[in-house]
Amino acid sequence: MKFKTLTMALAMTAALFSCGEKTNEKSCCTENYEALANQYAEVTLTTDISHLSENEVQMLDLLFQAGKIMDDIYWTENLGGDKDEFLSKIEDPNARKYAEINYGPWDQLDNRRVFIPGYGPKPEGAGFYPTDMTKEEFEAWENPDKTSQYTLVRRYADGSLHAIWYHEAYAQQINKAADLLMRASELAADKEFANYLKLRAQALLTDDYYYSDMAWMDVRNNNVDFVVGPIENYTDGLFGYKAAHESFILIKDQEWTAKLSRYVKLLPKLQTQLPVEDKYKQEKPGSDADLAAYDVVFYGGDCNMASKTIAINLPNDERVQLQKGTRKLQLKNAMAAKFDKIVVPISNVLVAPEARQSIKFDAFFANVMFHEVAHGLGIKNTLDGSGTVRHALKEQYSAIEEAKADILGLFLVTKLSEMGEYTNTTLEENYTTFMAGIFRSVRFGAASAHGKANMIEFNYLSKEGAFTRDENGLYNIDFPKMKLAVEKLGGAILTAQGNGDYEYVKNWIATDGVIKPELQADLDKLAGSGIPKDIVYNMGMEYLKK
């Protein structure tokens, strides 16, 4: 009965999405779909798996199958309707390709602009809530499960709201994925990874992810890793409550991982040095954090939509973070692809010639790595004891948290360099590469959490004089001012999070989380340069080197 109710609700949602507004249809009909698709450079995800055992290779195939199920579920969550029905109506191959990249008719790199005829604006709550539900109706509705990360909100025939757990809503797909994970666990060479797969299978069937998250924290000696399930909250733009399904398949780079392990033991000390009043850094991050490097061979669902993730910091559960910390996984091959195809070409257009020599991959890697480290530091619960920062800041949380991780990541690089613990690059290289990285990721659009975060940083650093811009629109870093601005901004964000002041953060993002005209003019230089905005993957078992 519940599955039938969901199917009917999804059909209604799809119908509501397709409003056929004339302005949107006119815009769509004049689209240059080939140019849109070419904004993404094709990259083949591959790595050497010749060191894996026969059982591990068989296990990989099962993980690919489970990962694709997560991808299918995410289509429903983001689109609010049936994937195959939606795609079957698109005749232009480039339009279809672009729709597949965006998991729907909304351009994620252009403020979710409609690019397929017959569709209206994307609902803020995507497919997680009824499209006609107001925030006021939701807030007035008394239901203990409504804010869970793992429920859909739907209407009964009488118009009343009800919550459906993910494992019930997607029962057929979830049951199949859980079975694949159980079978994969029997082939796993590493006992901790095998245990995680078993517990993750149970979690998919119950929507209780705590125990599998805790088990994943014990995975250290694996050759293969698998991130799977409803994880991030970016797609829920209404409240930021609902987690979307995704999956990564990863092959560990043992050599690079060994180089990174030395930083983990420094995390408790780094927490005490954050640039904020003591009361905002009293929480002690878990000391069992993991810092590792991988080649990623599969993306599915949320992490694969439009701009691609290049590092992972999980679990998101604040309880696990405080007890054990997080695992910070650096996706080295994906990072290298973005650096070579996007960051370096952008720096040749927008960075002053004398500063371009400071754009280095090792600095890019470090900035991303310490971004993920920074997610695990700071404050997870508001000072007034009312609950987590995530719930206090609602849909504004993701943007301010990404800004925190960006800016504190740079702060951590600075501190470690001063301590003599980080010597791979110079601070000039890290700061300059950070600036080039902002130009890269702000092209995702200011509508995304990462885009808003980048603009908060850019506009704050601009006000503090952390960089200069000459008459030709070329940027350079003022290193002393940059260092001070990074500390000030880091402290401001941590204070806002600890206070849990929703209205303050909302107003801050509305004011500074936007692209100002001068920067837009500079970004427009990139429009005709042929520099891709992001990457799209060819991936599958057939691409792996055996």
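Beyond its neighbours within four places in sequence, Leu60 is in contact (heavy atoms within 4.5 Å) with Ile49, Leu52, Val224, Ile249, Ile251, Met541 and Leu544. The model is predicted: local features need pLDDT of at least 70, side-chain atom pairs count only at pLDDT 80 or more, and totals for chains, interfaces and linings use all residues. Residues are numbered from 1 along each chain as its sequence is written, and side-chain values use heavy atoms, without hydrogens and water.

Leu60 and Phe370 have the most contacts inside the largest nonpolar core, which has 178 residues. Such a core is a set of buried Ala, Val, Leu, Ile, Met, Phe, Trp, Tyr and Cys residues joined through side-chain atoms within 4.5 Å.

β6 pairs with β7 (residues 244-252) in the antiparallel sense over eight bridges; pairing takes at least two DSSP bridges. Val228 has Ser247 of β7 as its bridge partner.

## Helix α9

The buried residues of α9 are Ile174, Ala177, Ala178, Leu180, Leu181, Ala184 and Ser185. They lie on the same side of α9 because their arc around the axis is only 160°, taken from the directions from the axis to the C-beta atoms.

Exposed Gln172 and Lys176 sit on the face turned away from the buried side of α9. Cover for the buried residues of α9 includes α4, α8, α10, β6 and β7.

Technical notes:
Helices (H or I, at least four residues) and strands (E, at least two) are DSSP runs, numbered from the N terminus. Buried means under 20% relative accessible area, exposed over 50%, partly exposed in between (1.4 Å probe, protein chains only).
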